[in-house]
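Please keep the sequence and the 3D view at hand while reading.

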Amino acid sequence: MSREPGFQVTGEAAERYAATSYPFMSPFVAALAQYVHAGDAVLDVACGTGYATEVAADRAGDKGTVTGVDVNPGMVQVATLHAKGRYEIHLAPADRLPFPDAGFDVVLCQQGLQFFPDIRAAFDEVVRVLRPGGRFAATFWAAREKSPYMGALLKGHSDVLGYSPPQDQVFTSEPAKFVAGATEAGLIGVTVEEVVAEVALPSLPAYAEAHLGALPWAAGLDAETRKDIAKAATAELHAYHTPDGGARVPFVSHLLQGRSRP
């Protein structure tokens with residue numbers, strides 16, 4: 001993330017994020033992983049707690065190198081702990097990457113583009129650090145109504161507290177602005193598609209309550225309020241409930257990919 005004010009978590013919230021968000025992030029991390037080959041030098045921009053960074057390290061193998069970068073100190077701290085020496089993590093914004101030109105075969109960005117205040121500047125940096133013919137791939141959430149769990153949390157917040165949290169920035173129904181930014185910066189062959197995943201969530205409302213404790217707009221609420229929001233979200237998801245007390249819910253993300261000029 002690049003001076004991104006939209007998703008900042010600290011301390012225990014960053015650890016809770018790492019523990020609770022992976023169930024619905026994992027299908028989209030897998031979508032990015034296909035762009036990493038054995039021996040690649042990989043950069044994961046807006047790496048958060050390191051979901052895609054870790055999978056990229058598995059894919060790149062011993063002959064590859066993997067680096068993650070994020071502007072959020074809490075996320076960077078957790079990602080560094082999880083790295084265990086397998087990859088490097090740096091604190092830096094996406095529009096001022098602390099790396100030399102043409103140093104990476106692949107640049108990934110998992111659910112980060114929507115937080116960049118200057119998308120063109122971030123894409124300029126992507127192009128700068130990619131080697132000729134290098135690959136870029138990013139995921140970012142589609143419109144909120146396409147991911148009912150997300151919508152249920154936000155509606156639960158509104159129902160309990162009487163106002164909506166400021167998270168419209170997280171979702172986008174207009175991926176064209178990211179395609180334009182990538183193309184204008186010099187990436188070629190830029191395409192965007194929807195990736196749809198049906199995700200099995202753990203027991204509700206306990207899972208939703210734990211996840212709320214990792215979100216910037218809910219982590220600061222008292223435990224009883226988070227519990228009430230989780231109950232409201234669980235009721236909203238009644239059509240997706242499973243016999244084990246969890247839920248099977250669709251999540252939809254955009255996948256944008258392109259490459260640098262040879």
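Glu 224 forms a salt bridge with Lys 227, the closest N and O atoms being 3.9 Å apart, where a salt bridge is defined as a side-chain nitrogen of Lys or Arg within 4 Å of a carboxyl oxygen of Asp or Glu. Both Glu 224 and Lys 227 belong to helix α9 (residues 223–236), in which they sit 3 residues apart, about one turn of the helix; helices (H or I, at least four residues) and strands (E, at least two) are DSSP runs, numbered from the N terminus. Glu 224 is partly exposed at 48% relative accessibility, and Lys 227 is likewise partly exposed at 31%, on a scale where buried means under 20% relative accessible area, exposed over 50%, and partly exposed in between (1.4 Å probe, protein chains only).

The model is predicted, so local features need pLDDT of at least 70 and side-chain atom pairs count only at pLDDT 80 or more, while totals for chains, interfaces and linings use all residues. Residues are numbered from 1 along each chain as its sequence is written, and side-chain values use heavy atoms, with hydrogens and water left out.

## Other salt bridges

The count of salt bridges comes to 11. One of them joins Lys 155 to Asp 159, with the closest N and O atoms 2.9 Å apart; both residues lie in helix α6 (residues 148–161), 4 residues apart, about one turn of the helix. An α-helix has 3.6 residues a turn, so residues three or four places apart point the same way. Lys 155 is partly exposed, with a relative accessible area of 36%, and Asp 159 is also partly exposed, at 48%.

A salt bridge between Asp 105 and Arg 131 has its closest N and O atoms 3.1 Å apart. This pair links distant parts of the chain, since Asp 105 is in strand β4 (residues 104–110) and Arg 131 is in strand β5 (residues 130–141), 26 residues apart. Asp 105 counts as buried at 19% relative accessibility, whereas Arg 131 is partly exposed at 32%.

The buried residues of α5 are Ile 119, Ala 121, Ala 122, Phe 123, Glu 125, Val 126 and Val 129, and they pack against β1 (41–45), β4, β5 and α7 (176–185).

A search of the whole structure finds 2 cavities of 30 Å³ or more. On a 1 Å grid over the protein atoms alone, a cavity is a set of points where a 1.4 Å probe fits but cannot get out, and its lining residues have an atom within 4 Å of a point; grid points are joined across faces, edges and corners, and a volume is the space filled by probe spheres set on the points. The second largest cavity has a volume of about 50 Å³, and the largest share of its lining, 3 residues, comes from helix α5 (residues 119–129). Among the residues lining this cavity are Ala 122, Phe 123 and Val 126, together with others including Val 45 and Phe 136. The lining divides into 10 nonpolar residues, no polar and no charged, where Ala, Val, Leu, Ile, Met, Phe, Trp, Tyr, Cys and Pro count as nonpolar, Asp, Glu, Lys and Arg as charged, and the others, Gly among them, as polar.

Conventions: On a 1 Å grid over the protein atoms alone, a cavity is a set of points where a 1.4 Å probe fits but cannot get out, and a pocket is an open set with protein on both sides within 12 Å along at least five of seven lines; lining residues have an atom within 4 Å of a point. Contact means heavy atoms within 4.5 Å.
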